Amino acid sequence: MNRAKLSLSQYVKRRLLKWLDKRVPASQEHHLNLNSIFVLPSGFGWSFIILSLCLFLLGTNYQNNLMLILSYLCLSIMLLALFYTHQNFARLALKALPVRSFHCNVDGEIQLQVIPHVNASAKACSGTLSIKWLNVVRSADAHAKAGSHKDDSAVIDKHYLFSLNEGAHTQKEQKQTLHIPLHIPRRGRFALGRMTIACDFPLGLYKCWTHLDFDQHVTVYAKPQEGPVSIDKMAVNDGLDSVSQIMEPTSNEDFYALNDYEVGQPLNRVSWKHVAKNGNWVSKSFTSMRSESVMLSIPLSVDVETAISALTYATLLWAGADRVFGIKYRGLTIAPAHGAKHMEECLSALACFNKESSPNSLTENKPVSLSPRYKKTVRSVT
């Protein structure tokens, strides 16, 4: 019985999403209109309607004109509330900002920016917006089928309330960014689903809502966890050397700069010409070139998810130290490099790695070799 109910609810939800895709297409920017707004009385509104009917029945039964007038007044309030609730919500326009990548063990967020409406620039939308996820990941996403429905339902049930700027009387004055938390417990690249945005301003008798798809994609990195990562040093090719910071003196040193002298430094590094000229004690700093590049790998006997988590942890560790490194695991090969962009490439490739279909190398146009760029780092003489 429970399986039948679950399959029926999933079927209804799929049909609803298909209908919404036609009626409210996905877009990074939405300006609400008649096609995208739905209106129904709220719980308080239905109570108000029942009260009006009871007053009308009592007035006609006892021939009491005051009760009839009161019932007509309540009906007028309901009609006016319907008009103003829809008119207020129709002034809302939202634009989604690019979603930043995050790890699957932490929460990310999607930012919605309130922008001026193309058809209602005179007055801004007012009230409190209630936002929740209709489906966190699009049903067409292949990764969504592999995930657990329990984690998604826990996120979908959460409501997030945002009060719009009360001091903004026009659309131009209304500048606000809404931060909606996002939790995806699986690694990979996902297309975000629809979110339900509702408002019951001004009296709460009616509820206006819409289901918007902002056409956003996000890469969810694997959970970083320390593991048995192997570090393999690579052979150096001519003209493809990289430089790392070293502390021991070598014979291949070049003068770099002058620094303030610190107590304890050798006197043979002191620039005596500057001392004799102006009395300022300064020491000489030198640079030294050393070729060093490694490939991070992990034994094939280790479980795939454990290996991905370990390589993610190693990537964060080596990138934080600004070291030159690459990754080689099964069908994934990334040439050694350094920097924030290289770290993002490594984390994205690990997040999208699939055991059945290994991703192509991110460096198809460049061979697996050391970075051709040279970087000089200052070695302070001690």
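Which residue forms a salt bridge with Asp-215? In this predicted model, the partner is Arg-138, and the closest N and O atoms of the two residues are 3.0 Å apart.

**The chain as a whole**

- The protein chain contains eight helices and 19 strands.
- Of its 382 residues, 42% count as buried.
- Among the contacts in the protein chain with a separation of 6 or more, 76% are accounted for by residues 24 or more positions apart.
- The chain exposes about 22100 Å², and carbon and sulfur atoms supply 56% of this area.

**Helix α2**

- Helix α2 covers residues 43-62, which is 20 residues; at 1.5 Å a residue it should span 28 Å, and this agrees with the 29 Å between its end C-alpha atoms.
- The residues Gly-45, Phe-48, Ser-52, Leu-55 and Gly-59 of α2 are buried.
- Viewed down the axis of α2, these buried residues fall within an arc of 80°, and therefore they line one face of the helix.
- Just after α2 comes Gln-63, which takes a positive phi of about 50°.

**Salt bridges: the overall picture**

- Side chains of opposite charge can pair when their charged atoms come close.
- A search of the whole structure finds four salt bridges.

**The pair Asp-215 and Arg-138**

- Asp-215 forms its salt bridge with Arg-138.
- Asp-215 lies in the loop between β11 (206-212) and β12 (217-221), while Arg-138 lies in the loop between β6 (128-133) and α4 (142-146), so the pair ties together parts that are 77 residues apart in sequence.
- Asp-215 has a relative accessible area of 30% and is partly exposed, whereas Arg-138, at 19% relative accessibility, counts as buried because the cut-off for buried is under 20%.

**The pair Asp-21 and Arg-194**

- Asp-21 forms a salt bridge with Arg-194, and the closest N and O atoms are 3.0 Å apart.
- This pair links distant parts of the chain, with Asp-21 in helix α1 (residues 2-23) and Arg-194 in the loop between β9 (188-191) and β10 (195-199), 173 residues apart.
- Asp-21 is partly exposed, with a relative accessible area of 44%, whereas Arg-194 counts as buried at 2% relative accessibility.

**The pair Glu-305 and Arg-187**

- Glu-305 forms a salt bridge with Arg-187, the closest N and O atoms here being 2.9 Å apart.
- Distant parts of the chain are again linked: Glu-305 is in helix α7 (residues 304-320) and Arg-187 is in the loop between β8 (176-182) and β9, 118 residues apart.
- Glu-305 counts as partly exposed at 42% relative accessibility, whereas Arg-187 counts as buried at 14%.

**A shared network**

- Salt bridges that share partners join Arg-138, Asp-213 and Asp-215 into one network.

Terms used. Residues numbered from 1 in each chain as written. Predicted model: local features only at pLDDT ≥ 70, side-chain atom pairs only at ≥ 80, totals over all residues. Heavy atoms only, no water. Helix = DSSP H or I, 4+ residues; strand = E, 2+ residues; numbered from the N terminus. Expected span 1.5 Å × (residues − 1). Buried < 20%, exposed > 50% of the residue type's maximum accessible area, 1.4 Å probe, protein only. Arc of directions from axis to C-beta. Salt bridge = Lys/Arg side-chain N within 4 Å of Asp/Glu carboxyl O. Contact = heavy atoms within 4.5 Å. Areas by Shrake-Rupley, 256 points an atom, 1.4 Å probe, with all protein chains shown as cover.
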